[in-house]
Amino acid sequence: MVYSLGNLNWEIYQSITDKYVTNEVVITEEQLRHIKKRHQEAYQDVLHYLKETLDSPDYIFKDSHPDTGLVIKEIRREAMIFLLVLKIATSSDKSGYKNSVISGWRITEKRLKNYLINKKLIYKKE
């Protein structure tokens, strides 16, 4: 099963790649099972803040995989930081592929600071 999460704002997400072929972003049942298995402590929170994170990220870092970004949102009212791995569908992917959330979990403030120092920042909310 595939769940639609809406459309991406390309003013934000073109920082990952400008070779996108669709606006729609999805998450599959398989990816939801992966998050629940690998990041059980964050599963409910990730589901709750998934749309907010995609709609209004604070940071996006370049991932080591092509056309993929690490999308980060600080939820200040809950003192949580979420990271989503987002793969953008391009013409080099199989026809019909959509932009996809691959995984998601919570990170610490210390981890975020480490990313800011050691990873390539490609988007920062103004």
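User: Before we start, what does contact mean here?
Analyst: Contact means heavy atoms within 4.5 Å. One thing to keep in mind as we go: this is a predicted model.

User: Thanks! With that in hand, which residues does Thr68 touch?
Analyst: Leaving out residues up to four places away in sequence, Thr68 touches Ile16, Phe61, Lys62, Asp63, Val85, Leu86 and Lys87. You'll find Thr68 in strand 4, which covers residues 68–75.

User: And is Thr68 buried or exposed?
Analyst: Thr68 counts as buried, because its relative accessibility is 4% and the cut-off for buried is under 20%.

User: Let's zoom out. How many helices and strands are there in the protein?
Analyst: The protein has four helices and seven strands. Starting at the N terminus, the order is β-α-β-α-α-β-β-β-β-α-β.

User: What about the overall dimensions: what box do the C-alpha atoms fill?
Analyst: Along the principal axes, the box is roughly 40 × 30 × 25 Å. The radius of gyration is 14 Å, which agrees with the value near 14 Å for a compact globule of 126 residues.

User: How much of the protein is buried?
Analyst: Buried residues account for 46% of the 126 residues.

User: I'm looking at helix 2 now. Which of its residues are buried?
Analyst: Helix 2 spans residues 29–38, and its buried residues are Gln31, Leu32 and Ile35. Viewed down the helix axis, these buried residues fall within an arc of 105 degrees, so they line one face of helix 2.

User: What do those buried residues pack against?
Analyst: They pack against strand 1 (2–7), strand 2 (24–28), helix 3 (43–55) and strand 6 (99–107).

User: And which exposed residues sit on the face turned away from the buried side?
Analyst: That face of helix 2 carries Glu30, Arg33, Lys37 and Arg38.

User: Changing topic: where is Leu8?
Analyst: Leu8 is in the loop between strand 1 and helix 1, with helix 1 covering 10–13. Leu8 is buried, with a relative accessible area of 7%.

User: So what is Leu8 in contact with?
Analyst: Apart from neighbours within four places in sequence, Leu8 contacts Tyr13, Asn23, Val25, Leu54, Leu86, Ile88 and Asn99. Glu24 is 16 residues from Leu8 along the chain, and their C-alpha atoms are separated by 6.4 Å.

User: Now the loop between strand 3 and strand 4. Is Ser64 buried or exposed?
Analyst: Ser64, which is in that loop, counts as exposed at 70% relative accessibility. From Ser64 to Lys124 is 60 residues in sequence and 19 Å in space, C-alpha to C-alpha.

User: What is phi of Asp67?
Analyst: Phi is near 60 degrees, a positive value in a residue other than glycine. Asp67 is also found in the loop between strand 3 and strand 4, and Asp67 is buried, with a relative accessible area of 18%.

User: Last one: where is Asp58, and what does Asp58 touch?
Analyst: Asp58 is in the loop between helix 3 and strand 3. Not counting residues up to four places away in sequence, Asp58 touches Ile72, Lys73, Glu74, Tyr123, Lys124 and Lys125. Asp58 is buried too, with a relative accessible area of 13%.

Definitions and conventions:
Residues are numbered from 1 along each chain as its sequence is written. This is a predicted model: local features need pLDDT of at least 70, side-chain atom pairs count only at pLDDT 80 or more; totals for chains, interfaces and linings use all residues. Side-chain values use heavy atoms; hydrogens and water are left out. Helices (H or I, at least four residues) and strands (E, at least two) are DSSP runs, numbered from the N terminus. The radius of gyration is taken over C-alpha atoms; the globule rule is 2.2 Å times the number of residues to the power 0.38. Buried means under 20% relative accessible area, exposed over 50%, partly exposed in between (1.4 Å probe, protein chains only). The arc is that of the directions from the helix axis to the C-beta atoms.
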